[in-house]
Structures are given as C-alpha cells and as structure tokens.
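Subject: Structure handover

Hello,

Here is the structure for you to look over. My notes on it follow below.

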Amino acid sequence: VEIILSNSAGLNDMSVVLGPNVHHEKLLVTGLETTSRNRVSREVTWSIPNDGIMHTVCFRARDNQFPCGDGDGLVSEDRLCVHCTLEPLGVYITCSSTLKAENLDDRLAPIICGDGRMTDIEECDDGNLRSGDGCSSLCYLEEGYDQLGSDPRPKNVCGDGLVVIGETCDDNNNVTSDGCSDTCQTEIGFTCLECGGGTEGLPTRGG
C-alpha cells in the first residue's frame, strides 16, 4: 500500500511537501485468528494563504501489489483528502497532517468481452468479438474448443471428431499412423474428405 499525490485543482500552488511512505504491519484479530494487515503512513505539509477559507489537498491511497499493465491492473484505489483553514493575519502559513491507510478492498475489473482478459462469467476471451474462432462474440466457448489454464484464448480439442481451426482432420482419437495424427493433422499418404466447418474429419488413404 502506498500514498501518492493526486492532481487536485490548485495543488501546485500549495507547495506540498511529502514525507516518505512509512510501512508497518497491524495485527488484526478476527475470531480466533490473528492476521497482519499492511499499513502505511505519510506526513504532509502544505502552504496556503491566510484568508480564512478552507483549502483541501487530496491524495490517492493505492494497493500497488500488482503493477499497472500486467493484465491485472490496480488491485484497489481510494482517495484521501485533508482540509485546513488559516485565520486572516494569523502567524501560521502552513498546515500539516498525517495520512494513514491500510489494505484496501479489492476493486473488481469491469467485464468487457473482447479485451483479452477473462473474468469470472466469461468462458474465454481471445481479444476480439468474432464468432467462429473458438470464442464467440459473447465470450462463450464454441463447440470443438476448450480453455486451458489461465490462457483466455480457446484451444482446439483434438480427438472429438470435429475439425476446427488448427486441425486438418479429426478421427475421434489421438492415435497416430491411422491417417490423422495425434495433433489432428492429416498424415502423408492420406486425404481428409469433407473436413472443415465442424464436420467429421475421417481421413482415407489416397494420393
């Protein structure tokens, strides 16, 4: 967790001085279990005019466990604001405060089909909105495809009897030397008849 400066209106005119992020842990007792929560504090001092008007400076508290751009984005983010008013003709020209933040709640990523990132309700996401390539325009797996591990892009299922993209035959097994290889490619000396478009891919010996 870290506390960083926000782009608040008029912030550059306040001569904000930030101390370092100070990280430590806080023991939190939940039921019979004691867990540690990350906590950060940061001193802030800023100059404002002695005009009797409330001035506000804002910051962002951000859980930066995952860097931006890795597909996960920010885990969470929140906004911290502090206020200060100085009396006209008073002796003080600066305000100071200590900002504190703990682990923030998870911020769920929006569900966008076609962004290449698979969320809970999506069966796949290949980065486009085209159907017929294994992942439909609604991010559902199409017949003859499966999703493996954390890769959101669908993979063809060799051995299911359906010829899809990436296959030249599919004879319902993963055996080689029978005309269709274990990776669903037509073997030398065989020809696949009526293959493609989701039809059965049974190879026959021929030239």
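Cys180 is buried, because its relative accessible area is 0% and the cut-off for buried is under 20%. Please bear in mind that this is a predicted model.

Its partner comes next. Cys180 forms a disulfide with Cys169, and the two sulfur atoms lie 2.1 Å apart. Cys169 is also at 0% relative accessibility, so it counts as buried. The angle about the S-S bond is 95°, which makes the link of Cys169 and Cys180 right-handed. Cys169 and Cys180 both sit in the loop between β9 (155–156) and β10 (190–192). The pair links distant parts of the chain, 11 residues apart.

How many disulfides are there? The count comes to 6. Two others from my notes are set out here.

Cys124 and Cys135
- The sulfur atoms of this disulfide are 2.1 Å apart.
- The link of Cys124 and Cys135 is right-handed, with 95° about the S-S bond.
- Cys124 and Cys135 each lie in the loop between β7 and β8, so the pair ties together parts that are 11 residues apart in sequence.
- Cys124 is buried, and Cys135 is buried as well.

Cys84 and Cys95
- This disulfide has an S to S distance of 1.7 Å.
- The link of Cys84 and Cys95 is left-handed, with -70° about the S-S bond.
- Cys84 belongs to strand β6 (residues 76–84) and Cys95 to strand β7, so the pair ties together parts that are 11 residues apart in sequence.
- Cys84 and Cys95 are both buried.

One more residue to look at is Ser136. Where does Ser136 lie? It is in the loop between β7 (94–102) and β8 (145–146). That loop also holds Cys124 and Cys135.

Is Ser136 buried or exposed? Its relative accessible area is 12%, so Ser136 is buried; the cut-off is under 20%.

Which residues does Ser136 touch, not counting those up to four places away in sequence? They are Cys113, Arg130, Ser131 and Glu142.

The S to S distances are 2.1 Å for Cys169 and Cys180, 2.1 Å for Cys124 and Cys135, and 1.7 Å for Cys84 and Cys95.

Best wishes

Methods: Residues numbered from 1 in each chain as written. Predicted model: local features only at pLDDT ≥ 70, side-chain atom pairs only at ≥ 80, totals over all residues. Heavy atoms only, no water. Helix = DSSP H or I, 4+ residues; strand = E, 2+ residues; numbered from the N terminus. Buried < 20%, exposed > 50% of the residue type's maximum accessible area, 1.4 Å probe, protein only. Contact = heavy atoms within 4.5 Å. Disulfide = S-S within 2.5 Å.
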